[in-house]
Amino acid sequence: MRRTPGTDGPPPGGAGAPPAAASPASPESPESPASSESPASPGSPGSPAVAAAGGGTGNPDGPLAVQASDDFRKLRRSFRSFAFPVTVAFCAWYLLYVLLAVYARDFMGTEVIGNVNLGFVFGVLQFVTTFLIAWAYSRYARTHIDPAAATVRERMDGAAAAADTGAAAGGEVR
């Protein structure tokens, strides 16, 4: 535990004692819930940020509505149609490499060129495969995922802008 320089003795409550529960503030203190008229914190349900995003306030373009939309489903399906099969294929390829290295030592020890054996070649191909997957994903994302994501983003930005103008028109600025 940290102690302030110049203090003597153990910290309050002893070295191993759990921290004391926070006592409610006195009615006269500025931190008192009774005297606090501060706006809701940014992440709380009544905050303008959550209301602008439609978080439970009935906004038809809120996060839950967007998640249930056809555009978002198309985006999720597009991502999954690439990511899941490629992930399964790469894991199978890697597992094959490991199993061959463990159980087919003679095969993996077959020399291809000079002292370069199949084990080394397959190991290098793991890296090549990784870079090929990254390149293929960037192309796939540019043509399939990014346009769908832009549609969803525009819908969310439009909902947030509408909520901002609505809050400003109502005179409630925090």
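## Basis of the model

Helices (H or I, at least four residues) and strands (E, at least two) are DSSP runs, numbered from the N terminus. Phe120, for example, is found in helix α5.

This is a predicted model, in which local features need pLDDT of at least 70 and side-chain atom pairs count only at pLDDT 80 or more, while totals for chains, interfaces and linings use all residues. Residues are numbered from 1 along each chain as its sequence is written, and side-chain values use heavy atoms, with hydrogens and water left out.

## Confidence

The predictor's confidence in each residue is given as pLDDT, from 0 to 100. The protein chain averages a pLDDT of 76, and 60% of the residues score at least 70. Over residues 22–47 the pLDDT is below 50, and this stretch has 18 contacts in the model beyond near neighbours in sequence. Residues 53–57 also have a pLDDT below 50, with 10 contacts beyond near neighbours in sequence. Contact here means heavy atoms within 4.5 Å.

## Overall architecture

The protein chain has five helices and two strands, in the order α-α-α-α-β-β-α along the sequence. Of the contacts in the protein chain with a separation of 6 or more, 51% are between residues 24 or more positions apart.

Of the 174 residues, 17% count as buried. Buried means under 20% relative accessible area, exposed over 50%, and partly exposed in between (1.4 Å probe, protein chains only). The protein chain exposes about 12,800 Å², and carbon and sulfur atoms supply 64% of this area. Accessible areas come from the Shrake-Rupley method with a 1.4 Å probe; for residues, only the protein chains shown count as cover.

Ser69 lies in the loop between α2 (63–67) and α3 (70–103). Ser69 is buried because its relative accessible area is 9%. A polar atom of the Ser69 side chain lies 2.6 Å from the backbone oxygen of Val66.

The structure holds one salt bridge, a term for a side-chain nitrogen of Lys or Arg within 4 Å of a carboxyl oxygen of Asp or Glu. The side chains of Asp70 and Arg73 meet in a salt bridge at 3.1 Å, N to O. Both residues lie in helix α3, three residues apart, about one turn of the helix. Asp70 counts as exposed at 57% relative accessibility, and Arg73 as partly exposed at 35%.

Ser78, also in helix α3, counts as buried at 11% relative accessibility. Leaving aside neighbours within four places in sequence, Ser78 is in contact with Tyr140, His144 and Ile145.

## Surroundings of Met108

Met108 is found in helix α4 (residues 105–108). At 6% relative accessibility, Met108 counts as buried. Not counting residues up to four places away in sequence, Met108 touches Tyr97, Leu100, Ala101, Asn117, Leu118, Gly119 and Phe122. Met108 and Tyr97 are 11 residues apart in sequence, and their C-alpha atoms are 9.2 Å apart.

## Nonpolar surface patch

Val112, Ile113, Val116, Phe120, Val124, Leu125, Val128, Leu132 and Trp135 form a nonpolar patch on the surface, together giving about 830 Å² of accessible area. The elements that give two or more residues to the patch are β1 (111–113) and α5 (118–169). Helix α5 supplies the largest share, six residues. Phe120 is exposed, with a relative accessible area of 52%.

Patches are made of residues with over 30% relative accessible area and no salt bridge; like charges are joined within 9 Å, and nonpolar side chains (Val, Leu, Ile, Met, Phe, Trp, Tyr) within 5 Å.

Definitions and conventions: Polar contact = N/O pair within 3.5 Å; in protein donor to acceptor, adjacent residues only side chain to side chain.
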